[in-house]
Amino acid sequence: MAVSSPSSPQDLVAETPVWQKFLHQLIHLPWTWRITLAYLTVMLFLPIAAMFLKASTEPPARFWEIATSDVALATYNVTFVTSIGAALLNGLFGTLIAWVLVRYDFPLKRLVDATVDLPFALPTSVAGLTLATVYSDNGWIGSLLSPLGIKVSFTRLGVGVAMIFISLPFVVRTVQPVLQEMEHDIEEAAWCLGASQWQTFWKVILPPLFPTILTGIALGFSRAVGEYGSTVIISSNTPFQDLIAPVLIFQRLEQYDYSGATVIGVVLLTISLILLLAINFLQAWARRYDSK
């Protein structure tokens, strides 16, 4: 009678279920990986999964009806278009502010530098109340704009002002350290070769700085999309005019429409993720282009 040969180690490995392999690799991960995965799971992955599961309780037809209702589409427009506009504007002026703070010395520079961080520490409701007062028809700035027919408080323009205010530090604090680390020798070499100041900035300084500016814009956009405290005060919260998606979600929660609020939240999360991925791809392309 023939005796069967014992299975080779390769055969035993091949017979191991996939989930056991994954569990084995997970157990033998370094402690840094385990802590990172545990923290991300508890603080990020599980809440997002819970939100998607709650939204999935609605039938597909009902989900689509809520997500594409006229009010919801109008809030998407106000939220994302205004957030992108605020982020791009801060990308320009935030870079300029970072440039001035890094390249120039002037009186009260440290005070100005510290003031840039004020939107980080200031409660958003206080920021909204302050902006609504300053930009009202009787406010310091609003009284100057009112004769020109420009109304800021309780309009979509006011929403944009609030988003610009709360997202500005993200651009400045992202660009500022990179500017501080840039070597002046490269600029001096460009000047010695006959380049003007504008050519030096456009061809020498901006290319390595551009990915960092995109990072600041992405951070500012993310902050502006989720802003609630200041925008709810400075806007009139009127549908089809200046109502933003976070306020619409809160209104649905007040009506005990939890699944409807979750549907709007899922759409908001999905669109934000797509836009951030697009910015990240653009940022990676800029780095690859700069390295050539």
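These legends describe close-up views of a predicted model.

**View 1. Annotated regions along the chain.**
The UniProt record, an unreviewed entry, carries the annotation "transmembrane region" for residues 31-53, 74-100, 120-141, 153-172 and 258-282. Residues 31-53 are 100% helix and 0% strand. The end C-alpha atoms of this stretch, residues 31-53, are 30 Å apart. Residues 153-172 are 85% helix and 0% strand. Here, over residues 153-172, the end C-alpha atoms are 26 Å apart. The feature "domain: ABC transmembrane type-1" also comes from UniProt (unreviewed entry), which places it at residues 76-279. Over residues 76-279 the chain is 76% helix and 0% strand. The end C-alpha atoms of residues 76-279 are separated by 19 Å.

**View 2. Helices α10 and α12.**
Two packed helices are described by the angle between their axes and the distance between the axes. Helix α10 spans residues 156-181, and helix α12 spans residues 197-225. Their axes come within 8 Å and cross at roughly 155°. An angle over 145 degrees counts as roughly antiparallel, so α10 and α12 are roughly antiparallel to each other. The crossing of α10 and α12 is right-handed. On the α10 side, the contact is made by Met163, Ile166, Ser167, Phe170, Val171, Thr174, Val175, Val178 and Leu179. On the α12 side, the contributors are Leu209, Thr212, Ile213, Thr215, Gly216, Ile217, Leu219, Gly220, Arg223 and Ala224.

Thr212 sits in helix α12. Is Thr212 buried or exposed? Buried means under 20% relative accessible area, and Thr212 is at 13%, so Thr212 counts as buried. Thr212 touches Thr174, Val175 and Val178, leaving aside residues up to four places away in sequence. Thr174, Val175 and Val178 are among the α10 residues that make the contact with α12. Pro211 also has its place in helix α12. Pro211 is buried because its relative accessibility is 5%. Pro211 and Ala284 are 73 residues apart along the chain. The C-alpha atoms of Pro211 and Ala284 are separated by 7.6 Å.

**View 3. Helices α11 and α12.**
Helix α11 covers residues 184-192. The axes of α11 and α12 come within 10 Å and cross at roughly 130°. What is the orientation of α11 and α12 to each other? Roughly perpendicular ends at 115 degrees, and roughly antiparallel starts over 145. The pair α11 and α12 is therefore oblique. The crossing of α11 and α12 is right-handed. From α11, the contact uses Ile186, Glu187, Ala190 and Trp191. From α12, Gln197, Thr200, Val204 and Ile205 take part.

Trp99 lies in helix α5. Which residues does Trp99 touch, not counting residues up to four places away in sequence? They are Tyr104, Leu179, Phe201 and Ile205. Leu179 is one of the α10 residues in the contact with α12. Ile205 is one of the α12 residues in the contact with α11. Pro107 is found in the loop between α5 (70-103) and α6 (109-116). Pro107 counts as exposed because its relative accessibility is 72%. Pro107 and Trp285 are 178 residues apart along the chain, and their C-alpha atoms are separated by 40 Å.

**View 4. The loop between α13 and α14.**
Ser235 is found in the loop between α13 (231-234) and α14 (245-254). Ser235 is buried because its relative accessible area is 5%. What does the side chain of Ser235 make a polar contact with? The partner is the side chain of Asn237, at 2.9 Å. Ser235 also touches Phe154, Thr155, Val159 and Asp242, not counting residues up to four places away in sequence. Asn237 is in the loop between α13 and α14. Asn237 is not a glycine, yet it has a positive phi of about 55°. Phe240 has its place in the loop between α13 and α14. Phe240 has a positive phi of about 70°, although it is not a glycine. Phe240 is exposed because its relative accessible area is 55%.

Technical notes: Residues are numbered from 1 along each chain as its sequence is written. This is a predicted model: local features need pLDDT of at least 70, side-chain atom pairs count only at pLDDT 80 or more; totals for chains, interfaces and linings use all residues. Side-chain values use heavy atoms; hydrogens and water are left out. Helices (H or I, at least four residues) and strands (E, at least two) are DSSP runs, numbered from the N terminus. Buried means under 20% relative accessible area, exposed over 50%, partly exposed in between (1.4 Å probe, protein chains only). A polar contact is a pair of N or O atoms within 3.5 Å; within protein, one must be able to donate a hydrogen and the other to accept it, and residues adjacent in sequence count only if both atoms are side-chain atoms. Contact means heavy atoms within 4.5 Å. UniProt positions are given in the numbering used here, feature names are shortened, and annotations may be inferred rather than shown by experiment. Axes are lines fitted to C-alpha atoms, for helices over the stretch in contact, and angles run from 0 to 180 degrees between N-to-C directions. Angles under 35 degrees count as roughly parallel, over 145 as roughly antiparallel, 65 to 115 as roughly perpendicular and the rest as oblique. A crossing is left-handed if the near helix is turned anticlockwise from the far one by less than a right angle, and right-handed if clockwise.
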